[in-house]
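Hi there,

Here is the structure I promised to pass on. Have a look at it first, then read my notes below.

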Amino acid sequence: MELGKKPLIALPLDDLDVERKLDEAVKKEVDLIELRVDMFSSLQPDYLKSIAKKVKDKGFGVIGTVRSSEEGGSRKLSDLERKELFELISDYSDILDIELRSEGLHDYMIDLCRKKGILLLVSYHDFEKTPSEDDIQQIIDKSSFGDIVKYAFMVRDVEDVGRILSVTHRNRDKKLVAIGMGDLGRITRVAGFFFGSLITYTYIGESVAPGQIEAEELVKELKFYRLRS
């Protein structure tokens with residue numbers, strides 16, 4: 001998996017109907033599976049490892065995510081519980097995702113990713129609005145301890161789209177994932193690649209975030225704009 005060589009498509013995955021979804025993901029040219037561990041029905045170590053192994057055996061890159069409840073996670077987990085879960089999935093992950101707001105885990109995640117030789121993605125979500133350009137820039141700057149910076153904002157109007165893409169373009173020398181959520185934000189999930197974004201998130205079956213584009217449709221759009229062959 002090489003960041004920046006081509007637009008990468010990531011599929012968030014819970015533990016429901018895993019094998020069928022993985023087979024569909026192969027057919028629909030998905031590159032990365034985001035293991036949304038917080039959405040799993042069980043957090044038992046052997047169970048988590050068995051699913052992570054299935055994903056790796058299919059040849060996908062893996063983003064390991066234990067999303068905090070404050071930013072859309074399905075469970076309220078302590079920092080200690082999250083550390084244990086990140087440790088469990090780190091051997092199967094190429095990238096680990098930690099929120100900028102989860103300050104108590106930053107040092108641990110930096111050390112874990114260095115120890116495992118994998119990338120750290122620092123994420124920030126605002127499900128209510130798109131901040132000002134200055135605020136978006138501050139989020140990018142504060143997240144610079146990670147290898148990749150992901151920001152996802154709710155888009156209310158076309159000006160929000162412009163701010164997201166403008167700031168992304170100004171920072172295109174960094175490894176960024178820029179997302180506009182909601183129906184008006186859908187354009188960023190394709191156009192973002194022209195402005196410096198590296199990864200977009202999709203779905204198969206049922207969307208897990210507002211404004212996602214279904215995998216088959218997303219690939220068609222990327223090919224239409226010659227972003228993928």
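Predicted model: local features only at pLDDT ≥ 70, side-chain atom pairs only at ≥ 80, totals over all residues.

Helices and strands here are DSSP runs numbered from the N terminus, with helices being H or I of at least four residues and strands being E of at least two. Residues are numbered from 1 along each chain as its sequence is written, and side-chain values use heavy atoms, leaving out hydrogens and water.

Let's start with G196. You'll find G196 in the loop that links helix 7 (188-191) to strand 8 (199-203). Its relative accessibility is 8%, so G196 counts as buried (buried is under 20% relative accessible area, exposed over 50%, partly exposed in between, using a 1.4 Å probe and protein chains only). Beyond its neighbours within four places in sequence, G196 is in contact with T168, R172 and L176 (contact means heavy atoms within 4.5 Å).

Now for helix 8, residues 215-224. Its buried residues are A215, L218, V219 and L222. They sit on the same side of helix 8, because they cover an arc of only 100° around the axis (the arc is that of the directions from the helix axis to the C-beta atoms). An α-helix has 3.6 residues a turn, so residues three or four places apart point the same way. The buried residues of helix 8 pack against strand 1 (8-13), helix 7, strand 8 and strand 9 (213-214). On the face turned away from that buried side, look for the exposed K220 and F224. After helix 8 comes R226, with a positive phi near 60°.

Cheers
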